[in-house]
Amino acid sequence: MLDFKPICTDMLAECKELLRDTDVRLCDYAPGCISIWGRYFDMRGCIEGSMFFSVLRQSDGADSYALPVGRGSFDDALDAIEKDARERNVPLRFCCIPEEYVGRIRERFGEPVKIVFDGMWSDYLYPYENFCGYKGKALHGQKNHVNRFMREHPDYKFIPMDTGNIFRAREFMLINRPSFDKDEELAEAELRNLDCIFDVFDALKLSGGMLCADNRVLGFTIGEALGDTLHIHVEKALTDFPGAYQMLAMSYAEYMKNDSLRFINRQDDAGDEGLRKSKQNYKPCRMLDKYQMYYK
């Protein structure tokens, strides 16, 4: 039986080492993302055979297995999940399964009784170069926002985040929290859990930066690189400063740029129409769909 326990920082740090060269680009498997959302989804995990296993509590109260990820044998990991479900006498259910892994699970367990897809959970994946200068006609609007910001705030700076200055991002959220309040449950849950990612910033070797101008912090972002993808976990900026979001996204991408990074994952839109429009404006190259698979 798999020894599932509540997600802790040490587990996430070990998981990150296993995912250094992962081909799974979903945000759901990035340790920084798990640090924010693990408690909300009652996520528990364990590491066995160089693989990270996790289960999430679904809306109907039942558990579903996430994709096993890491450096070990994927087939052995599926065997371990099947055995665990049998010993616990629970249905074999999977969630957050990337599209490219649906076929592999079908090969192992056969056709599921039910397969569920909801586009509101699909991640937006972008070519990395989209955010390096916003070049080309398709990104002309983003470039205009940046030009306006630079014109109105010529003293702007992008300051890389570290353990010595991360307190400024915490202070920014404390002062400006009302600016980010929304009626949506998921948006409010994110705000409640932001302290978690500040707490694990150093242990998980996350990266980030703050956009400053007019002697104040106007926004900050936190993310992490896994495999060939830069995951954006948090991005908050003041809308009273037009172009701040576009400037922040571009500055962080240029700061993190290296030869191994090919994509940027900016997560899902959770069904928020405004967020969907904003994410589409950056011209994604692909939507990373996620599936739930139910077996008897």
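Colleague: Which residue forms a salt bridge with Arg-276?
Modeller: Arg-276 forms a salt bridge with Glu-273, and the closest N and O atoms are 2.7 Å apart. A salt bridge here is a side-chain nitrogen of Lys or Arg within 4 Å of a carboxyl oxygen of Asp or Glu. This is a predicted model, in which local features need pLDDT of at least 70 and side-chain atom pairs count only at pLDDT 80 or more, while totals for chains, interfaces and linings use all residues. Residues are numbered from 1 along each chain as its sequence is written, and side-chain values use heavy atoms, with hydrogens and water left out.

Colleague: Where do Arg-276 and Glu-273 lie?
Modeller: Both lie in helix H9, 3 residues apart, about one turn of the helix. Helices (H or I, at least four residues) and strands (E, at least two) are DSSP runs, numbered from the N terminus.

Colleague: And is Glu-273 buried or exposed?
Modeller: Glu-273 is exposed, with a relative accessible area of 53%, whereas Arg-276 counts as partly exposed at 22%. Buried means under 20% relative accessible area, exposed means over 50%, and partly exposed is in between, using a 1.4 Å probe and protein chains only.

Colleague: How many salt bridges does a search of the whole structure find?
Modeller: The search finds 28 salt bridges. One of them joins the side chains of Lys-236 and Glu-190, at 3.0 Å from N to O. Lys-236 lies in strand S12 and Glu-190 in helix H7 (residues 185-200), so the pair ties together parts that are 46 residues apart in sequence. Lys-236 and Glu-190 are both buried.

Colleague: New topic: in what order do the 7 strands of the open sheet come?
Modeller: The order is S9-S10-S11-S12-S13-S8-S14, with mixed pairing, and two strands pair if DSSP finds at least two bridges between them. The edge strands are S9 (157-160) and S14, each of which pairs on one side only.

Colleague: Which helix packs on the sheet and touches S9, S10, S11, S12 and S13?
Modeller: That is helix H8 (residues 244-256), whose direction makes about 145° with that of S12. Contact means heavy atoms within 4.5 Å. Axes are lines fitted to C-alpha atoms, for helices over the stretch in contact, and angles run from 0 to 180 degrees between N-to-C directions.

Colleague: What about S8 and S14, how many bridges join them?
Modeller: Strand S8 (residues 123-127) and S14 run antiparallel and are joined by 3 bridges, and Tyr-124 has Met-287 in S14 as its bridge partner.

Colleague: Why is the ring pair of Phe-172 and Phe-180 tilted?
Modeller: The ring centres are 6.0 Å apart and the planes are at 50°, so the pair is tilted. Rings of Phe, Tyr and Trp (its six-membered ring) pair if their centres lie within 6.5 Å, and planes under 30 degrees apart count as stacked, over 60 as edge-to-face and the rest as tilted. Phe-172 counts as buried at 3% relative accessibility, and Phe-180 counts as buried at 10%.

Colleague: Which ring has Arg-266 over its face?
Modeller: Arg-266 lies over the face of Tyr-282, at 4.9 Å from the ring centre. A charge sits over a ring if NZ of Lys or CZ of Arg is within 6 Å of the ring centre and within 35 degrees of the ring normal.

Colleague: Last one: what is the phi of Gln-267?
Modeller: Gln-267 has a positive phi of about 65° although it is not a glycine. Most residues other than glycine have a negative phi. Gln-267 sits in the loop between strand S13 (263-265) and helix H9 (273-281).
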